[in-house]
Amino acid sequence: ALHGRLRSDESTKLYVALVRGDLRQKFKSAAGTEDGGNIDLSVSGEGNVIGSCANIPNVVDDVTDSKDSVASHHLDASEYKSKITVNLPIKIDGIEKEAQTEFYFLSSMNIDDEDEDDTGGPYVTKSLSLLLCQPKTGRTHQIRRHAIRALQSPIIGDSEHGDSRVNRFWREKIGFNRLGLHCFYLHLPSSSDLDDDIKCIAPLTDDFKGSLECDELAALWEEAVMRLPLLALEA
């Protein structure tokens, strides 16, 4: 029964993702037109990647009454008031199935590193973004696939869908040696009168949070915590 509730389209799951590239400008563009209309961000104009005005999902009231945990409303820039909705099918066992993911911007940064390294190439970058991701369907590796296909920003540490040179750079630079994806919030609605709603927040693990708190990524982490203070919860 619990497994069924977990896979239900009525469940809510929010993930924190560390991805390659600075997506600030993309989310600024995603804010749409001045009248609040949507904007097509897909490469071919097929309407499968849509930007729109939206607030970050407010999960705070569901799990805590702490005023200190309420998502900050002091960040006024357009990238904080938009979302990117990806509707791209994902092939499962040879069959394409509908898949939808919503992405919200938390923070981004570029690092200055004059040291020589062997990570040169058109797909290697020393910029990062933190995103909040809400899969509306539950396909295998959905967020990981949508991040690379729609945003051209693979998740750091993704050995299957990501960029091995970028993964190696961040592994050697800050010791990041894991998949940069974490299920942060979960809501399983009751399936019958006998079940209770399940709502919980899972703080970032020590290895993930520890990497984000390092000196090299301080700007990225501080902006993200301003955006979503609950990120700072201890595991």
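How many aromatic pairs does the count come to? In this predicted model, the count comes to four aromatic pairs. One of them joins Tyr80 and Phe105, whose ring centres lie 5.9 Å apart and whose planes stand at 45°, an arrangement classed as tilted. This pair connects distant parts of the chain, since Tyr80 belongs to the loop between helix 3 (60-63) and strand 4 (82-87), whereas Phe105 lies in strand 7, 25 residues apart. Both partners are buried: Tyr80 has a relative accessible area of 9%, and Phe105 has one of 0%. Ring pairs also bring in Phe27, which is linked with Tyr80 and Phe105 into a cluster.

Another pair is formed by Phe169 and Trp170, whose ring centres are 5.0 Å apart; because the planes meet at 85°, the pair counts as edge-to-face. Here, too, Phe169 is buried, with a relative accessible area of 6%, and Trp170 counts as buried at 1% relative accessibility.

The strands provide the setting for strand 7, in which Phe105 is found. Eight strands form an open sheet with antiparallel pairing, arranged in the order 2-3-4-7-8-1-9-10. Its edges are strand 2 (39-40) and strand 10 (198-201), each of which pairs on one side only. Within the sheet, strand 1 (residues 12-20) pairs with strand 9 (residues 181-188) in the antiparallel sense over six bridges, and Tyr15 has Cys183 in strand 9 as its bridge partner. Helix 7 (residues 218-227) lies across strand 1, strand 7 (100-110) and strand 8 (127-135), and the helix runs at about 130° to strand 7.

Definitions and conventions. Residues numbered from 1 in each chain as written. Predicted model: local features only at pLDDT ≥ 70, side-chain atom pairs only at ≥ 80, totals over all residues. Heavy atoms only, no water. Pairing = 2+ DSSP bridges. Helix = DSSP H or I, 4+ residues; strand = E, 2+ residues; numbered from the N terminus. Contact = heavy atoms within 4.5 Å. Axes fitted to C-alpha atoms, helices over the stretch in contact; angles between N-to-C directions. Phe/Tyr/Trp six-rings, centres within 6.5 Å; stacked < 30°, edge-to-face > 60°. Buried < 20%, exposed > 50% of the residue type's maximum accessible area, 1.4 Å probe, protein only.
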